[in-house]
Amino acid sequence: MSIVATLAVLAIAALHFYILVLEMFLWTTPRARASFGTTTEFAASTKALAANQGLYNGFLAAGLVWGAVAADPVGFQVKVFFLVCVAVAGAYGAATSSRRILFIQAVPALLVLALVVAAR
């Protein structure tokens, strides 16, 4: 179960790294605009804001990778902390931006958090 939990943590990290790439480097491309439902004009005018948001997603990804590779008890604590951060960010995003974020970010983070706790 521990290996499954660690792989799930790394999957959440990969998702946030992908979001980093979309927000920091691909924000104005058709792919990112389709993913986030933005127009060409909106994407162009919010490019710097999106890059900042992408950076935060990168910090979440880095923290999850740190938790996945660190020895316990630190590894467990770091995984729990960053998974809770992802879930809170997802809940906030769902409440303020798009309900879809709940199912893309918050629910997976909570499921993986349950795996991490169960594996302990």
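Mentor: The largest share of the nonpolar patch, 3 residues, comes from helix 1. Helices here are DSSP runs (H or I, at least four residues), numbered from the N terminus. By the way, this is a predicted model: local features need pLDDT of at least 70, side-chain atom pairs count only at pLDDT 80 or more, and totals for chains, interfaces and linings use all residues. Residues are numbered from 1 along each chain as its sequence is written, and side-chain values use heavy atoms, leaving out hydrogens and water.

Trainee: Is I3 buried or exposed?

Mentor: I3 sits in helix 1. Buried means under 20% relative accessible area, exposed over 50%, and partly exposed in between (1.4 Å probe, protein chains only). I3 has 66%, so we call it exposed.

Trainee: Which side chain of opposite charge is nearest to K79?

Mentor: K79 lies in helix 5 and is buried, yet has no salt bridge. A salt bridge needs a side-chain nitrogen of Lys or Arg within 4 Å of a carboxyl oxygen of Asp or Glu. Lys and Arg count as positive, Asp and Glu as negative, with His and the chain ends not counted. At 4.8 Å away, the nearest one is D72.

Methods: Helices (H or I, at least four residues) and strands (E, at least two) are DSSP runs, numbered from the N terminus.
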